[in-house]
Number of protein chains: 2
Amino acid sequence: MPNGAQALLQTLADAGIDVCFSNPGTSEMHFVAALDSEPRMRAVLCLFEGVATGAADGYARMAGKPAATLLHLGCGLGNGLANLHNARKGKVPVVNIVGDHATFHVPLDAQLQSDIETVARNVSPGFVRTSNHTADLCRDAADAITAARGLPGQVATLILPADVSWGDGGQPCPPPPLPAPAAPDDGAVQAIADAIRSGGKAALLLGGQALREPALLAAAKIAAHCGMKVFCEVFPTRLERGAGLPAVERIAYLAEMASLQLSGLQHLVLVDAKSPVSFFAYPGKASDLVPTGCTVHTLATPAQDAVAGLDKLAAALDATSATPVLQAAARPSRPRGRLTAAKVCKAVGHLLPERAILIDEAITSGLMLGVMTAGGPRHDLLTLTGGAIGQSLPNAVGAAIACPDRKVLALVGDGSAMYTVQALWTMARERLDVIAVIFNNASYSVLNVELDRVGAGSRGGPKAKAQLDLHGPVLDFASLARGMGVTATRCDRADAFCTALETALATPGPHLIEAVVPESLNASKRRVLPWLLRSLPNLPKPVALALKRKIAP
Amino acid sequence: MPNGAQALLQTLADAGIDVCFSNPGTSEMHFVAALDSEPRMRAVLCLFEGVATGAADGYARMAGKPAATLLHLGCGLGNGLANLHNARKGKVPVVNIVGDHATFHVPLDAQLQSDIETVARNVSPGFVRTSNHTADLCRDAADAITAARGLPGQVATLILPADVSWGDGGQPCPPPPLPAPAAPDDGAVQAIADAIRSGGKAALLLGGQALREPALLAAAKIAAHCGMKVFCEVFPTRLERGAGLPAVERIAYLAEMASLQLSGLQHLVLVDAKSPVSFFAYPGKASDLVPTGCTVHTLATPAQDAVAGLDKLAAALDATSATPVLQAAARPSRPRGRLTAAKVCKAVGHLLPERAILIDEAITSGLMLGVMTAGGPRHDLLTLTGGAIGQSLPNAVGAAIACPDRKVLALVGDGSAMYTVQALWTMARERLDVIAVIFNNASYSVLNVELDRVGAGSRGGPKAKAQLDLHGPVLDFASLARGMGVTATRCDRADAFCTALETALATPGPHLIEAVVPESLNASKRRVLPWLLRSLPNLPKPVALALKRKIAP
């Protein structure tokens, strides 16, 4: 009869969970030893827990099923919390396994003892369980799997005491059934159709599972038939886009611009999305972005079948045979001269390969990425769903393991990259096809914008500015990458960047390209920004939109 | 009238809290802007929250007073949790400030919204408070300061919503009084004196505040007078040691050896220390290390005055005028030949400067550090109090800021160093006198030992072994250091290491020395280890002790 750990691994593998992103310690040694008893399980070692959890997030986004993690007690869970938060906010399934001391050791309050469950509740409000008996372990694991891949997906935390792991008498559990989404409510569909038909400006807001081809097509038919806009949530978990697919308009990060996008709306229809709110609060500004007088309707909750809901709405509106507007193929030209953040985005658009996985964690420097890649070949876009930076490099590890036949491009700012830079080592170790593009502008650039936006800029002096400045010393990411076994190039000319990207695309394995760029918004532009943002709602809309294109950070 | 953030900074500075280790985001921008209004506050930017919290820990250990942190919401707190855990277990005061969304933004469940308090309780069981009104903020901060520097010291978490920070009407609070330790209980002292006098083998176990010179001297007098041993907890927060001070015997990390150290004891007297338990649990082994028949006495709890307790005990035992045994001055010779972990420790002992701060996070490679530095010049030793790895480099940042006139040497294994390697950047930015020595043996070496110790070694195959192996690619720490602006040397010869250490000691600013070494315990030694450890209690004690010296990993 297998021990607890061996039975657990069998249960996971039987349920199709065959990748485990791990950073184990002593209390997980029996789980580690059991890996050799389960040939279906691939264990991927990460040098920091935030890499393991972010990889599990990226894996599930692309594989459409959860991976397991293996973390070491409360401190390991803490280290992994930020990327589990991103998974939670993105409704991404993760079977989060946290080793604990043996049950009889817990009361002794040894050095590593801490309250794991209290930490886990932050990211696993729906499922935290400590498995206290070897005989129950696999049933607990099956419950965790069911919870994780429920609708919506979630982070399910299974706490695994060492003695439950090493105990004899493990009883593998048959795979739990996959959940079926609830059918959309016919009454709600009809009411929404009536509201749209009643006139007044209406729009769809898609999120979650509604950003894949079938939902996008249904939404585009409705949009074409009714003259509606289709918005996408600010930070989509996984958005299919590119030539041949319907394009959607992402809600802007800056609340002032999002308000402009939504202004005049009378009906906003949510499809697996939240009603839009600003990312942060600002003094004297509303956090709720829904315009006054606009009614918010829910076509599909995250637990409901979004595609069925859109299909039903299309039928109710007689839009089933409408012709959706599809994105035309188009690529930007090859950039030249001194490298800027926009030219990096242009180069990516110029060279984007077929079926790439694009991960965007370049808050200010990636501004032009959407425009530059819109007409490129079909690709998936993964973004910072929970706003916890340090997501992209770990996400790239997971996405590359989920899709070994596709190229992964992770674009990330210097500040964000440093949170989980250890991911580079796992890329090298597993020889993953990842190209990490680091925008090095030696600044927490977005915070320079935010310092002004919250109205604190005028009060801040040199000490405040120093908190947002990454000079002295400037980071050398190429050197960091080489230290972890990843080929790296540093460039400050557009030609060199294009050549480096071409080489990286042509050569299997991981590559890092460090793009040395000036800040997207220099100090004088930043000073003007708050005034412009304040003025936007009072300007004629075409003027405001033209300005928006110029000033958006 | 100042805003909330300005009043908060004044309150902190008035209470003597004048260093803040920060990693801010948008919700902390008013705190950042207020830095320029408080000239006494030094803000030290860290590129990852685990660096900020570990620096606050190291600072407080050496400054004897707390620093503040500045973290960004629940995810920032998660990233900082592991080193706050080490501070909690080490009874180290930290005023842990976590920014939050504005109070009116919280109900909207924006991207970064999460339950901060639930995470904070893991490391701040004694004080978590969200300050909800600008007028109350400074009183809340004063309560946090009081809680943090209470006895025992603790991590006090103050959650600071953005609107409370930016709101007008901040009211600075006068500094709260410093806590006074409770007097030891005379009855307990007398009972302990009687127990010691009654005969039977007795020992003192010192921890916490009882590892500084006054307590060590009082304990050494008692030991000399009564023929008792003086033990020190496994992972001391701050231990003063070196020539001219009484030496104490640290309880071993390996439970089997600790049992040997404690065997035959009839009375164990705790002085600001916990009753000894094993670090981890092992199948079929007891976790409680107190031998059967031994009575555990508490001379001083962490809330009591340990020095007064030892002085009273010395008086009750007529030991006041006893002559304590002091460590004689002695240094090891200069090592030669191929570099090994032991030779690194020898070189450190050979060259240790006066009043160094030695930080030991080299679990297996640092084995010989204690022996090699025992007779060196007086120094402070900081260790991994909570067992959460990634402590030493951040601790070194804080210790160097607390004691700018002293050299800080941080010795750390390759695996541990990677958790918070971003600390190197702050060392460079602040030009700190830190020498980071990285033992690069390309292995989670301690886990190879633990895999065998938990009895899982025989079950593990190549997949298990791969989880403990840091080859493919081997990390190049010199390259990582240079990427963060720190001078670095890589060496595999003892002479080169000595020269590098001499250069680093003679040159201000941070240095990293990468010591390429074989594992301290090779595979054949590891196979023998479990058998030897099992045999220890059955061997004659001198034989066991001699063996222990040979086999200890």
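1. A definition to start: two strands count as paired if DSSP finds at least two bridges between them. Strand β9(A) and strand β14 (residues 379-383) of chain A pair in the antiparallel sense, over 3 bridges. Within this pairing, A:L239 sits opposite A:L381 of β14(A). Please keep in mind throughout that this is a predicted model.

2. Now for the whole of that sheet. It is an open sheet of 7 strands, ordered β9-β14-β13-β15-β16-β18-β17 in chain A, and its pairing is mixed. The edges are held by β9 (239-241) and β17 (487-491) of chain A; each has a single partner strand, so one side of each lacks a neighbour in the sheet. On average, neighbouring strands are turned by 20° against each other, if direction is ignored. Helix α20 (residues 494-506) of chain A packs on this sheet, where it touches β16 (434-440), β17 and β18 (511-516) of chain A. The direction of α20 makes about 170° with that of β18(A).

3. Chain A has another open sheet worth a look. Its 5 strands run in the order β10-β8-β7-β11-β12, and the pairing is parallel. Here β10 (249-250) and β12 of chain A are the edge strands, each pairing on one side only. Strand β8 (residues 229-232) of chain A joins β10(A) in the parallel sense over 2 bridges, and A:F231 stands opposite A:E249 in β10(A). Helix α11 (residues 306-316) of chain A lies across β11 and β12 of chain A, and runs at about 115° to β12(A). As a reminder for both sheets, strands pair through backbone hydrogen bonds, either parallel or antiparallel.

4. Next, how the two chains sit together.

5. What goes into the contact between the chains? Chain A gives 82 residues and chain B gives 82 residues. On the side of chain A that touches chain B, helix α4 (residues 73-89) of chain A contributes the most, with 8 residues. Sorted by class, that side of chain A holds 43 nonpolar, 27 polar and 12 charged residues.

6. Two helix pairs in chain B deserve a comment. A pair of packed helices is described by the angle between their axes and the distance between the axes. For helix α9 (residues 213-226) of chain B and helix α11 (residues 306-316) of chain B, the angle is about 20° and the axes are 9 Å apart. That makes α9(B) roughly parallel to α11(B), and α9(B) passes α11(B) in a left-handed crossing. From α9(B) the contact draws on B:P214, B:A215, B:A218, B:A219, B:K221 and B:I222, and from α11(B) on B:A306, B:V307, B:L310, B:D311, B:L313 and B:A314. By class these are 10 nonpolar, no polar and 2 charged residues.

7. The other pair is helix α12 (residues 341-351) of chain B with helix α20 (residues 494-506) of chain B. These pack at an angle of about 40°, with axes 10 Å apart. α12(B) and α20(B) are therefore oblique to each other, and the crossing of α12(B) past α20(B) is right-handed. B:K343, B:V344, B:A347 and B:L351 make the contact from α12(B), while B:A494, B:F497, B:C498, B:L501, B:E502 and B:L505 make it from α20(B). The contact has 8 nonpolar, no polar and 2 charged residues.

8. Finally, some backbone details to check on your screen. In chain A, the peptide bond from A:L151 to A:P152 is cis, with omega near 0°, and A:P152 lies in the loop between α6 (134-148) and β6 (155-161) of chain A. In chain B, the bond from B:L151 to B:P152 is cis, with omega near 0°, and B:P152 is in the loop between α6 (134-148) and β6 (155-161) of chain B. A:D272 is not a glycine, yet has a positive phi of about 50°. You will find A:D272 in the loop between β11 (267-271) and β12 (295-300) of chain A.

Methods:
Residues are numbered from 1 along each chain as its sequence is written. Chains are lettered from A and ligands numbered from 1 in the order in which they are written. This is a predicted model: local features need pLDDT of at least 70, side-chain atom pairs count only at pLDDT 80 or more; totals for chains, interfaces and linings use all residues. Two residues are in contact if their C-beta atoms, placed from the backbone, lie within 7 Å. Helices (H or I, at least four residues) and strands (E, at least two) are DSSP runs, numbered from the N terminus. Ala, Val, Leu, Ile, Met, Phe, Trp, Tyr, Cys and Pro count as nonpolar, Asp, Glu, Lys and Arg as charged, and the others, Gly among them, as polar. Axes are lines fitted to C-alpha atoms, for helices over the stretch in contact, and angles run from 0 to 180 degrees between N-to-C directions. Angles under 35 degrees count as roughly parallel, over 145 as roughly antiparallel, 65 to 115 as roughly perpendicular and the rest as oblique. A crossing is left-handed if the near helix is turned anticlockwise from the far one by less than a right angle, and right-handed if clockwise.
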